[in-house]
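These are my notebook entries on a single structure. I set down what I looked up, entry by entry.

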Amino acid sequence: MPKQNWQKIKLLKLVDLLRQETDEQHPLTTTQICERMNDMGIPCDRRILSKDIELLNENGIEVLWTWVGKCKGYYTEDRTFSVPELKILIDAVQAAAFVTDKKTEELVDKLAGMGGTNRAEILKSNLAHFNTRKHSNESIYYNVDAIEDALQRQRKIIFRYFDLDIKGKKRYRRDGHHYVVEPVALVYNEDNYYIVVYSERHDDTANYRVDRMDSVEVIEESISEKAVTLKDRVGEYTEQAIKMYGGEPQTVVLEFDSKLTGVIYDRFGEGVNMMPSSEDKMLATVRVQLSPTFWGWLFQFGAKMRVLSPSSVTEEYRARVAELQL
């Protein structure tokens, strides 16, 4: 490599080497670092190396040292993510149903590699393999990329939407005709990825699973002002929606056994308005969408939870209970 070239990249290669191959348990001695740099075609000697490391420390890249026998060993803890942070990210990728098996493996390798060579092996050897039913739509990355582009530029998107039949084959809705929507946000919920859109026809929001979308493209047509303003309400919308099935938004009061307090917090957040109604009962005022999925969630607790108000919702609650008793 010509001298003028290796001088420009020498410090970059040194930082990369330290971040990838060293940590407190795996320092590299001066001799080892010089050998690796020389193997890359970058001249390095002990005297110049000490000055390079001093320069890195002066400019905010902390390089530490410890004794390795009678030699100095250098290492760095200066990484974008710590091991616990990487572990959390890796577990999240493994647990996400919308990330296919192939993409999961690729992402885990990339995330583990960000911890350096030695820690990558530790992270991958300690993986807990979740019993997650992964989806098979390999175009999920391309879908997200197109949707994110549309969101950033406030453009509409066009796509086809499908379900899976009993043989796992795609069956397109609308006989394969395209959907044209105004994207508002991408939302991760219950192990799946959804796109929230504005429907001008219904003057309301709708949502679609990203892994069920096909042939996603951005249309060079701006979204409406209504869709733009809805972005500020996405948090409110996702708090109301249970498993992303639409329904009429409604504020309801739930009465439940005090032992289910944690369940209410898990579902509606720790800021939910809650108070005791008796020695072993609690009341919670929550905002939900009255959808079949909401009722399914409620009925799983049997007599331990019920809707107390408003009257219109309690009447629907009683009617649904009566249907279950037939």
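**Entry 1: the sheet with S1**

I began with S1 and strand S3 (residues 71-75), which pair in the antiparallel sense over two bridges. Two strands pair if DSSP finds at least two bridges between them. Helices (H or I, at least four residues) and strands (E, at least two) are DSSP runs, numbered from the N terminus. The model is predicted: local features need pLDDT of at least 70 and side-chain atom pairs count only at pLDDT 80 or more, while totals for chains, interfaces and linings use all residues. Residues are numbered from 1 along each chain as its sequence is written, and side-chain values use heavy atoms, with hydrogens and water left out.

I then traced the open sheet, in which three strands follow the order S1-S3-S2 with antiparallel pairing. Strand S1 (28-29) and strand S2 (64-68) are its edge strands, each pairing on one side only. Thr29 stands opposite Gly73 in S3.

Next I looked up Val68, which has its place in strand S2. In sequence, Val68 and Thr29 are 39 residues apart; in space, their C-alpha atoms are 7.1 Å apart. With neighbours within four places in sequence left aside, Val68 is in contact (heavy atoms within 4.5 Å) with Pro27, Thr29 and Gly73. Val68 counts as partly exposed because its relative accessibility is 33%. I apply these classes: buried means under 20% relative accessible area, exposed over 50%, partly exposed in between (1.4 Å probe, protein chains only).

**Entry 2: helix H12**

I compared the span of helix H12 (residues 311-325) with expectation: at 1.5 Å a residue, its 15 residues should span 21 Å, and the end C-alpha atoms are 21 Å apart, which agrees. The expected span is 1.5 Å times one less than the number of residues.

Which residues of H12 are buried? I find Val313, Thr314 and Tyr317. They cover an arc of only 100 degrees around the axis, so they lie on the same side of H12. The arc is that of the directions from the helix axis to the C-beta atoms. The buried residues pack against strand S10 (248-257), strand S12 (281-290), helix H11 (292-299) and strand S13 (305-309). On the face turned away from the buried side, H12 carries the exposed residues Ser311, Glu315, Arg318 and Glu323.

I also recorded Pro310, in the loop between S13 and H12. A cis peptide bond joins Ser309 and Pro310, with omega about 5 degrees.

I looked up two residues other than glycine with positive phi. Arg174 has phi near 55 degrees and lies in the loop between strand S5 (170-172) and S6. At 42% relative accessibility, Arg174 counts as partly exposed. Ser215 also has phi near 55 degrees, but is placed in strand S9 (residues 213-222). Its relative accessibility is 36%, so Ser215 counts as partly exposed.

**Entry 3: Asn143**

I located Asn143 in helix H7 (residues 140-153). Is Asn143 buried or exposed? At 3% relative accessibility, Asn143 counts as buried. Apart from neighbours within four places in sequence, Asn143 is in contact with Asn137, Val210, Met213 and Val216.
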